[in-house]
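Please look over the sequence and the model below. The report that follows covers helix packing, the nonpolar core and salt bridges.

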Amino acid sequence: MAAEEQCSAPPRWRPISLTHVEYPAGDLTGQVLAYISLLPIAILVGFVTLIVFKRELHTISFFGGLILNEGLNWLLKHILQEPRPCGGAHATLNTEYGMPSSHAQFIWFFVVYFFLFLYLRMHQTNNARCVELLWRHVLSIILLSIALAVCYSRVYLLYHSGRQVLYGGVTGSVVAVVWFFITQELLTPLFPRIAAWPISEFFLVRDTSLIPNILWFEYTVTRSEARNRQRKLGTKIQ
């Protein structure tokens, strides 16, 4: 009986609009751009996965900067309270305000911080060879293309005006530069102490700031350890 009463007067349902991106029906370009506009969520998932499995302090700091950047965007939106273009175009939105674009601010924070990490921090700790410089340039071009595509998708799908996207990109870039230098000058010198805390040791949090190429380091150490264990296993079998 209670179920019948609920069906006769159903509540107003609201979807979780975090990934609810709308595009014009039958518009293939709009559909592709809708998927592109979800890239910030994929980046967040990738960050969480990387932190869980690597537990490296600089990565955690990078992620912390992204969260602070999102908090600043929420604050600016509620201070400026500028409506989105074509206000009734989309049924489900996290907020009715569009200035500045959170997608643009997020993706440009990520891309600019990554640029600074590639060309400043890695340059300081590694003698760059031609092949290493080449992959940095290629990666930079890919990231730049992604950032431009995300920004264009927000304008094309009428979630933001070009002005809102522009200000979001500028804000994200400025915050990225500021947070990078805070991490480099203020936080990085503290990483060895933080990594030595008992709670950090318990959760296996580590500091790899002084290792120039962590991928190569982990590969060589893992390969060497695997070979040593294989030799010991072979000796026991014999």
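## Helix packing, core and salt bridges

In this predicted model, helix 4 and helix 7 cross in a right-handed way. Helix 4 spans residues 57-80 and helix 7 spans residues 162-187. Their axes lie 10 Å apart, at an angle of about 140°. Helix 4 brings residues including Gly64, Gly65 and Leu68 to the contact, and helix 7 brings residues including Gly172, Val175 and Trp179. By class, this contact has seven nonpolar, nine polar and no charged residues.

Now the core. The largest nonpolar core has 25 residues. Ile107, Trp108 and Phe109 are among those with the most contacts inside it. Helices 2, 3, 4, 5, 6 and 7 each supply at least two residues of this core. Helix 5 gives the largest share, 10 residues. Leaving out residues up to four places away in sequence, Ile107 touches Ile43, Ile146, Ala147, Val150 and Cys151.

How many salt bridges does the structure hold? There are two.

| Salt bridge | N to O distance |
|---|---|
| Glu82 and Arg163 | 2.8 Å |
| Glu225 and Arg229 | 2.8 Å |

Glu82 sits in the loop between helix 4 and helix 5, while Arg163 sits in helix 7, so this pair ties together parts that are 81 residues apart in sequence. Arg163 is partly exposed, because its relative accessibility is 46%.

Glu225 and Arg229 both lie in helix 10, four residues apart, or about one turn of the helix. Arg229 counts as exposed because its relative accessibility is 57%. Glu225, at 37%, counts as partly exposed.

Definitions and conventions. Residues numbered from 1 in each chain as written. Predicted model: local features only at pLDDT ≥ 70, side-chain atom pairs only at ≥ 80, totals over all residues. Heavy atoms only, no water. Axes fitted to C-alpha atoms, helices over the stretch in contact; angles between N-to-C directions. Left-handed = near helix turned anticlockwise from the far one by under 90°. Contact = heavy atoms within 4.5 Å. Nonpolar A, V, L, I, M, F, W, Y, C, P; charged D, E, K, R; others polar. Core = buried A, V, L, I, M, F, W, Y, C linked by side-chain atoms within 4.5 Å. Buried < 20%, exposed > 50% of the residue type's maximum accessible area, 1.4 Å probe, protein only. Salt bridge = Lys/Arg side-chain N within 4 Å of Asp/Glu carboxyl O.
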